[in-house]
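Please keep the viewer open and follow the stops below in order, selecting the named residues as each one comes up.

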Amino acid sequence: MLKTQKKKNNRSSKSRSQSIVSVSSAEICQEPPSANNYRIKTSKIMGRYMVAARNFKPGAIILSEIPLVIGPLSNCEVQCLGCYKVLYENGKYYKCKSCGWPLCSPNCRGLRQTFGHTEKECQILTNTKSGRLLDYTNFPSLSQHFNAIVPLRCLLLKQTDPSQYAIIQTMEPHDEIRQAIPEIWDVNQATVVNRIRKDWGLSTYSAEEIHTICGILEVNAFEIGQGGVSLRGLYSTAFLMSHNCVPNTNHVDEDKEYRLTVRASTEISVGQPITLSYAHTLHGTMRRREHLIDNKFFECSCAKCADPTELGTYMSALRCPKCQNGWVISNDPLNHEASWSCNNGTKDPSCRCPGYKVSANSIRLLIDRITKEVEGLDSNDIQGMESFLQKYRNVLHPNHYLCLGIKLSLSQVYGKVTGYIINDLSPEALNRKKDICKEIMEVFNVIEPGFTRLRGVTLYELHAPIMMLTTKNYEQGKLTKTELRRRLREVLEYLEEAALILGYEPESTSEHIMGVAAKEALERIRNWEKLIGKL
Ligand SMILES: C[S@@+](CC[C@H](N)C(=O)[O-])C[C@H]1O[C@@H](n2cnc3c(N)ncnc32)[C@H](O)[C@@H]1O
């Protein structure tokens, strides 16, 4: 599944200004997408991939399209077959009076809609008597029946829209590789192939073609959805974007028609590949590459994966236990089994590392153990997260991806949770929020440069403590007008970029609401100009 990173990853070698693009140049990027925006090329390693047919400014729309097919994710919760709202045993739900599958209401907005529960689907599910297999007395057991819904919807296109089915058939299923992996093939056989062919009696579809559809969905579908609803969808063009761990696009999907819009996040020059990240950009190389091999069936060898320092971010590095000065990094990150060693080769013998080497497996075991600890943390528990950072300060690089994830949470909860509401924060806590935001921005400028959700949200979080500290200091007469002006200009810069980036988010999302708040905060800063003159 091509992940929509919403809430969706060392020290940065780039300065802030290098990665921030001119706001005024981006504001004009509203022209509608056109098929002349990209060309499709082919390589032996990547297969087909998309390249820019013209230059793009950050924020420019590259493509925008409605899906070929959408529906529930694999292993999803019980949900409405029309609008995909999650349903609960003790909550309100309704059984479709024809096929017996669960719906949120008899008037669900997705009933008889192209991307909901269509008449054709209802008819097939009714004819196959699939509803009789749904045991409502064991409500959670209903969920296992949903795995076969999207594959069925793809297969139905064969009759209802052969041209769309033909597009799906051109997509890469990686059948040969997947067939050799029992955890994938056997599970699909049991939960999709047998369900469609045996339980529902639709044996006109061969096992091979159903397995191929499963592969196409695993490799090419986008994870989409708003407001707690998670779905997967196939799109006719967007799947052709190749993967890069530092992508040059971002995308949003809208409630209405499940439209996917892909925008340039950085400048893209004609001829450059148009890329997205199939892995989580906030994960370290070992974890990203394992995800890509296990789920997308290829070995990534992008610049970030090939560089032991991950482009100078050190987001997988560990502090050397021998010299305490150097960083332990992989000797060959493109080789899963390569050893790791300390990079401290300083000429000064008093600080030089006597040498430290450790196997990839030991690193994996250590990181797995610490990951479990991170997973046990409550992302609203400021003290718990701060204690974690303190505990591992001599083990993990401050930019290690496990620390980065915690710092991202901290950047957002300082100022929001009980006991830490922004107006009540001490100057120390405000400075802590500011420092964390600045630290993670340095990394985001490298790994998710340009107009990305991650940068937009963090810029917004960064403005708040600076504004609070500035106001307090000014009221206490601790700031000269020149210093006040300098700080307000800094805040203005952050807010302008945050408002611009977050303005691209769909209206129903919390990120969009944050973008609106950024615009309102900008207005308030403009009021300061009345007091102190133009900034
Ligand atoms: C969503 S498809 C992209 C379209 C595909 N190349 C095609 O021709 O249909 C994903 C697949 O493309 C290939 N791919 C994409 N990005 C790649 C990359 N950076 N390196 C190697 N293979 C890549 C892999 O085979 C991957 O499983």
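Is Asn37 buried or exposed? Select Asn37 in this predicted model and display its surface: with a relative accessible area of 2%, Asn37 is buried, since the cut-off for that word is under 20%. Its place in the chain is the loop that runs between helix 2 (23–27) and strand 1 (38–43). Now show the side chain of Asn37 together with the backbone of Ile61, and you will find a polar atom of that side chain 3.4 Å from the backbone oxygen of Ile61. If you extend the selection to the residues in contact with Asn37, leaving out neighbours within four places in sequence, you pick up Val51, Ala52, Ala53, Arg54, Phe56, Ile61, Ile62 and Ile274.

Next, colour the chain by domain. The domain assignment gives domain 1 as 16–67 + 235–275, domain 2 as 69–233 and domain 3 as 379–532. Between the C-alpha centres of domain 2 and domain 3 the distance is 42 Å.

For the next stop, select helix 5 (residues 162–169) and helix 8 (residues 207–220), whose axes come within 10 Å and cross at roughly 75°. Helix 5 is therefore roughly perpendicular to helix 8. Showing side chains here brings up Tyr165, Ile168 and Gln169 from helix 5, which meet Glu209, Ile213 and Ile216 from helix 8. Sorted by type, the residues of this contact comprise 4 nonpolar, 1 polar and 1 charged.

Most residues other than glycine have a negative phi. Arg112, however, is not a glycine and has a positive phi of about 55°; look for Arg112 in the loop between strand 6 (102–103) and helix 3 (119–127). Glu310 also has a positive phi without being glycine, with a value near 50°, and its place is the loop between helix 10 (303–306) and strand 13 (318–319).

Move on to helix 12 (residues 382–391), and select Ile382, Gly384, Met385, Glu386, Phe388 and Leu389, which are buried.

The last stop is Tyr414, in the loop between helix 13 and helix 14. At 7% relative accessibility, Tyr414 counts as buried. Which side chain makes a polar contact with the side chain of Tyr414? The partner is Glu386, at 2.7 Å, and Glu386 is also among the buried residues of helix 12. Setting aside neighbours within four places in sequence, Tyr414 is in contact with Ile382, Glu386, Tyr420, Leu425, Ala429, Arg432, Lys433 and Ile436. To finish, draw a C-alpha to C-alpha distance from Tyr414 to Thr160: these two residues are 254 residues apart in sequence and 52 Å apart in space.

Note on methods: Residues numbered from 1 in each chain as written. Predicted model: local features only at pLDDT ≥ 70, side-chain atom pairs only at ≥ 80, totals over all residues. Heavy atoms only, no water. Helix = DSSP H or I, 4+ residues; strand = E, 2+ residues; numbered from the N terminus. Buried < 20%, exposed > 50% of the residue type's maximum accessible area, 1.4 Å probe, protein only. Polar contact = N/O pair within 3.5 Å; in protein donor to acceptor, adjacent residues only side chain to side chain. Contact = heavy atoms within 4.5 Å. Domains from an automatic or database assignment. Axes fitted to C-alpha atoms, helices over the stretch in contact; angles between N-to-C directions. Parallel < 35°, antiparallel > 145°, perpendicular 65-115°, else oblique. Nonpolar A, V, L, I, M, F, W, Y, C, P; charged D, E, K, R; others polar.
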